[in-house]
There are 2 protein chains.
Amino acid sequence: MKLATLKRGGRDGTLVVVNRALSHCQPVPSIAATLQQALDNWPSLEAKLQAVYAAMNDGVLSAAEPFNPAACHSPLPRAYQWADGSAYVNHVELVRRARGAELPAEFWTDPLMYQGGSDAFVGPCDPIAARSEDWGIDLEAEIAVISGDIPMGAGPEQTLGAIRLLMLVNDVSLRNLIPAELAKGFGFVQSKPASAFSPVAITPDELGDDWQDGKVHRPLTVHINDKLFGQANAGQDMTFNFPQLLAHLAKTRELSAGSIIGSGTVSNKQGNLHGSSIANGGVGYCCLAEVRMYETIETGAPQTPYLKFGDTVTIAMYDHHGHSLFGAISQRVEPYSA
Amino acid sequence: MKLATLKRGGRDGTLVVVNRALSHCQPVPSIAATLQQALDNWPSLEAKLQAVYAAMNDGVLSAAEPFNPAACHSPLPRAYQWADGSAYVNHVELVRRARGAELPAEFWTDPLMYQGGSDAFVGPCDPIAARSEDWGIDLEAEIAVISGDIPMGAGPEQTLGAIRLLMLVNDVSLRNLIPAELAKGFGFVQSKPASAFSPVAITPDELGDDWQDGKVHRPLTVHINDKLFGQANAGQDMTFNFPQLLAHLAKTRELSAGSIIGSGTVSNKQGNLHGSSIANGGVGYCCLAEVRMYETIETGAPQTPYLKFGDTVTIAMYDHHGHSLFGAISQRVEPYSA
C-alpha cells in the first residue's frame, strides 16, 4: 500500500491513498483524515485502507484525482518523534578516518543514534531553506521507517512487526556548524535543520523480496543538479537493521505510533576516491561529506564544495522495472524567507 | 489562564480550562478538543479560552467538574518537539568540577541544549517506570515553556512574544547510562526516558511580577519521600532566559506551535555541601546528581543513592500566598510493566 499527504487541509494535511503506479490518489476521510490518525488506529484501519488501494490498482479511479508529488507534504508533516541512526558504520568510519581518529570497536555493536527535531518537516519538493551558505549545507540520503506502538524493552523480533511504513529522507546537515555543536557534548540542535521525506510512504510488502532482514535491498539514487551522484544499495553494509534500531530506541521508554526512525546516511564500502565515484564506475555517495572525506584522506583536503543556493538535490528509489517506489524528493537550496 | 488535559478522550486527552484555585475544570469542546488544537489556532482561540477562565474565577461553575490532578495527563500528552536547555550553568559547572574538568568559557554565552523524545510523555501522577534500578534513576526539576510558531532566525525579543504557556517538568535521567551514551557524541537517547509535566499549564500573566526578563522568579519546591529536598529559586542564576533558549533553537529552523523548551535542572549557586542542603539552611537541590557532585568534590565520592523502586518525587511551585500555581508532579518509581 502507498500513502501520501496532500498539503491542503491544515497543519497535518490530507491523507490520500496512492495507486501503485503513482498516477492517482484518493482522500479517505471516512477512514482517516490524516496519516497520524491512521497510525493511531492502524490495527483497525489498515484493512480498510488496503481495500481502497486494491480497488485503485484494479482501475477503480472514479473518486481519484491525478497524483502530483509537488502538492505533497512529507507523509507526516510533523511527527511526535524523529530519531536517526547511523546504521552504515562505513560512513561513520570514514568520518573518523578523515579527521585521523580511530573508530571505537563498540560502534560495530552499539548503534549510534540522535534525537532529531520533528515539529516542522518540509515537503518533498520544498526548498532546503538556509540563512547562509556558510553553514556548509549538505544532503543526507537515507531510508526511514514509521513505527506503531512499541513497549519499553522490546527486542528486534517484536519491533520488526511494528514497522508500518517506509520512506526516503533527506536529512539535511549543516556541516560547518557540527564540530562546535558536537564538541558541547549534547548532540545536534542547530546543525540539523528541517528534514524532507519522500512524497509517498509504502508498506514493506510493496518491496517484495527486496524487504529482507529488516533492510531495504535496493539502490538509493541521488542526483545533484541533474547529475547522478550516488546509487549505493541500502541493503548492503547496513550494520544495524531497522528492528535493531527500534529496539535500541525502545530500551528505556515506550515508543508511540508515528515514531520515525532513520537509517543514517546510506553508504557502501568502496576502495578509494578514484574507485568510488559514479564517473569511475563506483556507486557514488549519499552525501557530499563522504566524497570530501575520501578527498581529505587521499589528498589532504576536501575539494568538492557543499551545496550553494540554486543547487538541486533529487533522491529516489526504483523497482526492478525502473518504476519509482516512493516518488522523488526534489529540493532546491534557497535563502530562507519567513 | 490555567489549562490542563484530562486522560479521557484518546491519545491527546481532553483539554480543560482550570480555575485559578485549581478546584474545578471544564472541557471546552466548542473551542478546542485538545491543547494542541488550541495552540495550533492560539491567536483566534485565546480570547475565547480566557473568557471561560474569567467566568470560572467569577464563580460560574455550572458546567465545571472537580479538578483532580491524578486524572490529568501532561498538558501535551505527546508533543511535536521537546528541547531542553541547560540554562543554570552553575549545575553544568558542578558536573564538570565533580569529574575534574574545566567549564569551557563559551558555556556562559552559548546555551547547551539537547533534543528530547516527545512522543510519549507520562502524566504528572504516573509512575517513573524503569526496567532496572541500576540505570541510576534521578529526577530533574525544571521549568518549561510551550511556544507558538516561530520563524527561523527569530531573536529573543521576537520569541518572548511567542511564549504561550509555562509548566513544571520532571526530566527523568538515567545517570548510569549517560557517560557511555554521551561519549558516543550524539547526545541523549537511552539515558532520557519519558518526562512528566505539571497537571496545569499557565499563561505567563498568572505569575504577575514573578514573570520577568523571560524567567520565573519563584522557588521550585522538590520533595523526595515527603522530605523537603530543594527550593531553589528558578529566577536566580538562570544564565539564559526562555526567549534566548527559543532563539538558540530557532537559529537554523522554524519552530512549530506546541514546541516545548525546558530550562534544564534549576540550580542556585551555593557555598559547599554543608551550606547547600535544606537541613543546613541552604536551598537544596533539584536533582540527586547535584548533591552527589558536592559529595564527590568534598569527600571524593558520592554518598546519596539514586532513586529506588518505591521512592516518590514531588515537584511544585507556590505563589506568595502558598497556593499551588501548576498543581504538583507526584511520581512513584516503579518497575516497568508493558
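Modeller: First, one term. A residue is buried if its relative accessible area is under 20%, exposed if that area is over 50%, and partly exposed in between. Keep in mind that this is a predicted model.

Start with A:R11 and B:D40. Their side chains meet in a salt bridge, at 3.4 Å from N to O. A:R11 lies in the loop between β1 and β2 of chain A, and B:D40 lies in helix α1 (residues 35–40) of chain B, so this pair joins two chains. Is B:D40 buried or exposed? B:D40 counts as buried, because its relative accessibility is 15%. A:R11 is partly exposed, because its relative accessible area is 31%.

Now move to A:D12. The side chain of A:D12 forms a salt bridge with that of A:R78, at 2.9 Å from N to O. This pair links distant parts of the chain. A:D12 is in the loop between β1 and β2 of chain A, A:R78 is in the loop between β5 (72–73) and β6 (82–85), and 66 residues separate them. A:R78 is buried, with a relative accessible area of 5%. Shared partners then tie things together: A:R11, A:D12, A:R78, B:D40 and B:D149 belong to one salt-bridge network.

A:K7 and A:D126 meet through their side chains in a salt bridge of 2.6 Å, N to O. Here too, distant parts of the chain are linked. A:K7 is in the loop between β1 (2–6) and β2 (14–18) of chain A; A:D126 is in the loop between β7 (113–116) and β8 (128–130) of chain A, 119 residues apart. A:K7 is partly exposed at 35% relative accessibility. A:D126, at 18%, counts as buried.

Next, the interface. B:R11 forms a salt bridge with A:D40, whose closest N and O atoms are 3.4 Å apart. How many salt bridges cross the interface of chain B and chain A? The rule finds nine there. Over all chains the count comes to 29.

The contact takes 54 residues from chain B and 54 residues from chain A. About 5000 Å² is buried between the two chains, and carbon and sulfur atoms give 53% of it. B:Y80, B:K184 and B:F186 supply 18% of the area that chain B buries against chain A, more than any other three residues.

Rings also take part. The whole structure holds 15 aromatic pairs over all chains. One of them is A:F186 with B:Y114, an edge-to-face pair at 6.3 Å centre to centre, with 80° between the planes. A:F186 lies in the loop between α5 (178–183) and β13 (196–197) of chain A and B:Y114 in strand β7 (residues 113–116) of chain B, so this pair also joins two chains. Both A:F186 and B:Y114 are buried.

Chain A has a tilted pair as well: A:Y285 and A:Y294, 5.9 Å centre to centre and 50° between the planes. Both of these tyrosines are buried.

Last, charges over rings. The charged end of A:R292 sits over the ring of A:Y306, 3.9 Å from its centre. A:K192 lies over the face of A:F188, at 4.9 Å from the ring centre.

Definitions and conventions
Residues numbered from 1 in each chain as written. Chains lettered and ligands numbered in written order. Predicted model: local features only at pLDDT ≥ 70, side-chain atom pairs only at ≥ 80, totals over all residues. Heavy atoms only, no water. Phe/Tyr/Trp six-rings, centres within 6.5 Å; stacked < 30°, edge-to-face > 60°. Helix = DSSP H or I, 4+ residues; strand = E, 2+ residues; numbered from the N terminus. Buried < 20%, exposed > 50% of the residue type's maximum accessible area, 1.4 Å probe, protein only. Lys NZ or Arg CZ within 6 Å of the ring centre and 35° of its normal. Contact = heavy atoms within 4.5 Å. Buried area = accessible area lost by both parts, 1.4 Å probe. Salt bridge = Lys/Arg side-chain N within 4 Å of Asp/Glu carboxyl O.
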